[in-house]
Amino acid sequence: MPLYELVCISRGSLKQESMRTLLKRSAETVMDRGGAVRGFVNMGRDMPLPYRMKRHMEYHTQGTFWLMHYFSNPKTSNVLMSQLKLDPRVIRCNVVKITDKVGEMASFTGEGF
């Protein structure tokens with residue numbers, strides 16, 4: 001299974017409990033479909049966005065940036081993206097394929113690992 005990185009910007013005004021449920025739901029989506037979550041990285045809470053973003057009929061100027069590294073098949077990434085795009089707590093998200101070769105996975109030392 002390839003290693004993926006989910007890059008996500010969620011609302012800046014989220015309470016800790018709401019953020020926890022968002023992260024838990026993302027991880028459960030991957031694990032329920034046979035994947036494995038490698039870890040989360042908090043990139044900053046209530047940070048100013050590079051430009052004003054509109055999502056779910058609201059404009060946002062601040063957000064919480066976070067990453068999730070996980071192993072899964074490509075279909076799981078599509079399901080995860082569709083769930084996050086419908087979630088009103090998420091402003092932007094994108095999935096990046098890091099690698100699909102086992103030798104490269106062992107040498108991957110991304111930030112936060």
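A salt bridge is a side-chain nitrogen of Lys or Arg within 4 Å of a carboxyl oxygen of Asp or Glu. With that in hand, let's look at some close-ups of this predicted model. By this rule, the count comes to five salt bridges.

**View 1. Glu58 and Arg11 meet through their side chains in a salt bridge.** The N to O distance here is 3.2 Å. Glu58 belongs to strand E3 (residues 58–71) and Arg11 to strand E1 (residues 3–11), so this pair ties together parts that are 47 residues apart in sequence. Are the two partners buried or exposed? Glu58 is partly exposed, at a relative accessible area of 36%. Arg11, at 18%, is buried, because buried means under 20% relative accessible area.

**View 2. Asp87 pairs with Arg89 in a salt bridge.** Look for the closest N and O atoms of Asp87 and Arg89, which are 2.8 Å apart. Both Asp87 and Arg89 are buried.

**View 3. Arg25 joins Asp87 and Arg89 in a network of salt bridges.** Now find Arg25, which is linked with them in the network.

**View 4. Lys97 and Asp100 form a salt bridge.** Their side chains meet with an N to O distance of 3.5 Å.

Key:
Residues numbered from 1 in each chain as written. Predicted model: local features only at pLDDT ≥ 70, side-chain atom pairs only at ≥ 80, totals over all residues. Heavy atoms only, no water. Helix = DSSP H or I, 4+ residues; strand = E, 2+ residues; numbered from the N terminus. Buried < 20%, exposed > 50% of the residue type's maximum accessible area, 1.4 Å probe, protein only.
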